[in-house]
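Q: Please walk me through the pockets of this model, and then the ligand site. I would like the cut-offs as we go.

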Amino acid sequence: MDLNGKKILLGVTGGISAYKSVTLLRLLQKQGAEIRVVMTDASTEFVGPLTFASLTRFPVYTSKELAESSPFRHIDYPRWADLFLIVPCSANTLAKLVHGLADDPVSLCFMAATCPKWVAPAMNSAMYASVAVQNNLRMLKNFENVQVLEASAGFLACGEEGPGRLIEPEEILNRLLVFAENVNPVFKGKKVLISAGRTREAIDTVRYISNSSSGKTAVALASVFLESGFSVTVVKGQMEAEFPPGVQIVSVESALDMHSQIMALASDFDVIVHAAAVADFRPKMVSDKKIKGSSSLLQIELEPNPNILRETVKQKKNGQVIVGFALETDDFEANAIEKLEKSGADLLVLNTPVAKNSGFGFDQVSYALLFDAKRIPPLKMNSKKQLAKEVLDFIKQAWTSSDDFTELHNA
Ligand SMILES: Cc1cc2nc3c(=O)[nH]c(=O)nc-3n(C[C@H](O)[C@H](O)[C@H](O)COP(=O)(O)O)c2cc1C
């Protein structure tokens with residue numbers, strides 16, 4: 001698939017790599033995209049607005065334009081766009097985006113844009129490594145609907161070598177092609193909440209009960225949902241795997257924390273996927289000091305944690321899809337059927353770590369998707385990404401074929 005008919009607003013800021021935005025514009029046009037351009041004053045010192053106006057045949061939105069012909073261009077251009085790309089993004093503009101300044105055409109359009117926004121920083125490597133820029137990048141990655149296209153390392157125009165080099169226009173195009181191919185109109189603007197990682201149930205101030213979940217399945221789910229047009233929020237416990245840029249992250253520690261965060265957020269989401277390995281039990285008493293080795297304590301009394309899957313199903317809103325996970329080590333089918341029936345989940349992902357080189361920490365997993373207790377498919381071994389794609393296919397199917405889901409689908 002190409003970018004035929006896609007409307008892209010290209011923001012250009014004052015950096016030496018601004019000339020590469022001309023190459024990007026041409027690449028996008030060759031794929032059939034319609035482009036309009038917005039520029040900061042500083043960027044017009046690097047590339048003339050006339051270049052962009054000639055290539056796009058549309059007025060370039062500059063600060064001069066702000067006062068002249070179209071007073072509402074800061075609303076009209078972002079509203080027109082399917083995507084807002086800021087390439088390159090200077091350290092100065094980055095700070096404005098993050099801290100809510102809107103005193104030039106690019107930062108103004110960024111604030112007014114509700115479409116997906118991709119930001120490609122580029123600068124000298126010392127600037128890029130500075131605490132201010134790194135903090136701002138970290139914050140920007142947590143903005144809803146924003147992707148940061150990280151700078152790479154290499155020779156910089158200032159003669160130095162290091163990180164800060166603008167991502168190549170060809171690479172931006174490749175990512176856009178993947179994005180355009182995967183975005184499904186059914187999923188556009190929909191929101192998914194994914195629980196991830198493992199919880200920690202405190203025994204005392206330094207010890208806890210936990211498990212071996214790596215969070216890799218949740219990362220695969222988040223990536224696939226994000227690429228398909230969803231806005232993705234994750235409530236995560238401890239985990240090693242990292243989420244891609246653009247995912248909103250809420251961090252928690254224990255099952256009780258995860259329970260309260262998910263219950264507070266649930267009603268705001270179209271899909272909830274319970275991929276976290278939440279402890280079933282927690283110590284009844286938590287010592288407020290480290291329990292001494294000499295302690296005569298021989299037993300830790302446990303009490304059950306809330307069943308988050310079942311509670312979200314109880315409060316399920318019309319059209320919402322709820323996906324549960326069942327990790328089983330024995331009697332797979334019977335256990336999974338019982339969990340599917342008792343929880344009332346729309347879909348249950350039965351998975352097991354017993355097969356070699358699969359499960360915890362691996363990229364492969366042995367699983368089966370259950371949505372009908374009378375039809376149990378056999379377990380199969382596949383990548384976690386493939387599992388995520390099948391979960392997404394189930395949701396697409398549900399929203400496009402079942403009456404139960406009509407309301408949300410039509411929303
Ligand atoms: C020759 C030259 C090259 C520059 N290159 C960069 C750059 O690559 N990245 C950057 O963040 N700033 C760079 N700057 C500094 C910005 O142009 C300056 O911070 C400006 O205020 C940015 O304004 P803007 O964010 O409104 O475009 C450069 C300045 C000069 C004079």
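A: The second largest pocket holds about 560 Å³ of space. This is a predicted model, in which local features need pLDDT of at least 70 and side-chain atom pairs count only at pLDDT 80 or more, while totals for chains, interfaces and linings use all residues. Residues are numbered from 1 along each chain as its sequence is written, and side-chain values use heavy atoms, with hydrogens and water left out.

Q: Which residues lie nearest the centre of the second largest pocket?
A: Pro116, Phe179, Val183, Lys188 and Gly229, out of 28 lining residues. The lining comprises 16 nonpolar, seven polar and five charged residues. Here Ala, Val, Leu, Ile, Met, Phe, Trp, Tyr, Cys and Pro count as nonpolar, Asp, Glu, Lys and Arg as charged, and the others, Gly among them, as polar.

Q: Which elements supply at least two residues of that lining?
A: Strand S5 (146-148), helix H9 (169-182) and strand S11 (231-236). H9 has the largest share, three residues. Helices (H or I, at least four residues) and strands (E, at least two) are DSSP runs numbered from the N terminus.

Q: What about the largest pocket?
A: About 1100 Å³ of space lies in the largest pocket. Its lining has 43 residues, and Ala276, Val278, Phe325, Leu327 and Lys339 are the closest to its centre. Helix H13 gives the most to this lining, with five residues. By class, the lining of the largest pocket divides into 18 nonpolar, 17 polar and eight charged residues.

Q: How many cavities of 30 Å³ or more are there?
A: The count comes to one. The largest cavity has a volume of about 40 Å³ and is lined by Ala266, Ser267, Thr312, Gln315 and Gln320.

Q: On to the ligand. Which residues come nearest?
A: Gly14, Thr40, Ser90, Ala91 and Thr93, of the 14 residues around the ligand; a residue is near a molecule if one of its heavy atoms lies within 4 Å of it. Helix H5 (residues 91-99) gives this shell its largest share, three residues. The shell has seven nonpolar, seven polar and no charged residues.

Q: Which polar contacts are there?
A: A polar contact is a pair of N or O atoms within 3.5 Å; within protein, one must be able to donate a hydrogen and the other to accept it, and residues adjacent in sequence count only if both atoms are side-chain atoms. Among them, a backbone N or O atom of alanine 91 lies 2.7 Å from an oxygen atom of the ligand, and a polar side-chain atom of asparagine 92 lies 3.0 Å from an oxygen atom of the ligand.

Q: How much of the ligand does the protein bury?
A: The protein buries 62% of the 650 Å² that the ligand exposes when taken alone. Accessible areas come from the Shrake-Rupley method with a 1.4 Å probe; for residues, only the protein chains shown count as cover.

Technical notes
On a 1 Å grid over the protein atoms alone, a cavity is a set of points where a 1.4 Å probe fits but cannot get out, and a pocket is an open set with protein on both sides within 12 Å along at least five of seven lines; lining residues have an atom within 4 Å of a point. Grid points are joined across faces, edges and corners, and a volume is the space filled by probe spheres set on the points.
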